[in-house]
Amino acid sequence: MGNSAGRSDFEWVYSDQPHTQRRKEMLAKYPAIKSLMRPDPHLKWTVLGMVLVQLLACWLVRGLSWRWLLFWSYAFGGCINHSLTLAIHDISHNTAFGTNFASRNRWFAIFANLPIGIPYATSFKKYHVDHHRYLGGDGLDVDIPTNFEGWFFCTPARKLLWLALQPFFYSLRPLYVHPKAVTRMEILNTLVQLAVDMTIFALWGIKPIVYLLASSFLGLGLHPISGHFVAEHYMFLKGHETYSYYGPLNWITFNVGYHMEHHDFPSIPGCYLPLVRKIAPEYYAHLPQHHSWVKVLWDFVFEDSLGPYSRIKRKCKLAEDRL
């Protein structure tokens, strides 16, 4: 199975996340950044096009052999569906219609969810708020792997399996780490998704459904775009818990690679994040960054010092109150 990873626990710190203080300093020095906190005028049309493309793909794959269906699920559908999850990420910050139209953003996220095949958008928003507010917070930030994940997935083969199974861990981990009550919007998200899935099945059979689900599972698993899952917050350099990537895959991922900038200013849509770096380059030029998501995945698997335990954790007050 290979040599076990070197870490036996998370990197515990006793300081606040760095983004809060940097945000205050940057806004004081560059108040023009506030003008970027506005909706992305192209996001809704881009998402509409992607959803329609996947619906067309559902019609096209209905007569494919299973081998070719799985190939196109990985090579094409995986890119589209992963990109849609990142559109949902952007929409969760109310960037499609603005903060004054929260309901429109919630329903539009449910629309963007349709090709993914399973209800996801509303639950994601519910937990993603905590990821920003309590970055690395023990028992609050469900982006942090569990102790079991850190202990078990510690060899190259097991880490490779862990990467392939990311959709399952991201879906199930919140239920164990920080369970929350089911909301009305989550129920509506589920009902809408089931209605669309059943309609597609009634019109074109089982293959389009398998195509959508395989696109989500394969695209969010061991896939080049999935390098961002590891690149964003895994500790490649001691003491650094957020990293940016400025490469070409940002073109199809709503600039999620600008992750340092995103955590500094979550309300700025992805399309404007490069402008944050342009306005205040001195805040980012010296920080470590990734140059390839594929290399991130390679290093994560084969470097003994990297694994699910390679995350910074801290005790947050709310987490202490829950104990």
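This is a predicted model: local features need pLDDT of at least 70, side-chain atom pairs count only at pLDDT 80 or more; totals for chains, interfaces and linings use all residues.
## Overall architecture

The C-alpha trace spans about 55 × 50 × 40 Å along its principal axes.

## Burial, contacts and surface

Of the 323 residues in the protein chain, 52% are buried. Among contacts with a separation of 6 or more, 79% are between residues 24 or more positions apart. The accessible surface of the chain comes to about 15,200 Å², and carbon and sulfur atoms account for 67% of that surface.

## The largest pocket

Rolling a probe the size of a water molecule over the atoms shows where empty space is left. The largest pocket has a volume of about 1,100 Å³. Its lining consists of 38 residues, and those nearest the centre of the pocket are Tyr-120, Phe-124, Pro-167, Tyr-170 and Ser-171.

Several helices take part in this lining: H3 (66–91), H5 (121–133), H8 (166–177), H9 (184–204), H10 (206–219) and H11 (227–233) each supply at least two residues. Helix H5 gives the largest share, seven residues. By residue class, the lining of the largest pocket divides into 20 nonpolar, 13 polar and five charged residues.

## The loop between H3 and H4

His-93 is placed in the loop between H3 and helix H4 (102–113). With a relative accessible area of 15%, His-93 counts as buried because that value is under the 20% cut-off. Apart from its neighbours within four places in sequence, His-93 is in contact with His-128, His-132, His-262 and Pro-266.

Asn-94 lies in this loop between H3 and H4 as well. Its phi is near 60°, a positive value in a residue other than glycine. Asn-94 has a relative accessibility of 17% and therefore counts as buried.

## The loop between E2 and H12

Asn-255 is found in the loop between strand E2 (244–245) and helix H12 (259–264). Phi of Asn-255 is near 60°, again a positive value in a residue other than glycine. At 14% relative accessibility, Asn-255 is counted among the buried residues.

How values were computed
Residues are numbered from 1 along each chain as its sequence is written. Side-chain values use heavy atoms; hydrogens and water are left out. On a 1 Å grid over the protein atoms alone, a cavity is a set of points where a 1.4 Å probe fits but cannot get out, and a pocket is an open set with protein on both sides within 12 Å along at least five of seven lines; lining residues have an atom within 4 Å of a point. Grid points are joined across faces, edges and corners, and a volume is the space filled by probe spheres set on the points. Helices (H or I, at least four residues) and strands (E, at least two) are DSSP runs, numbered from the N terminus. Ala, Val, Leu, Ile, Met, Phe, Trp, Tyr, Cys and Pro count as nonpolar, Asp, Glu, Lys and Arg as charged, and the others, Gly among them, as polar. Buried means under 20% relative accessible area, exposed over 50%, partly exposed in between (1.4 Å probe, protein chains only). Contact means heavy atoms within 4.5 Å. Accessible areas come from the Shrake-Rupley method with a 1.4 Å probe; for residues, only the protein chains shown count as cover.
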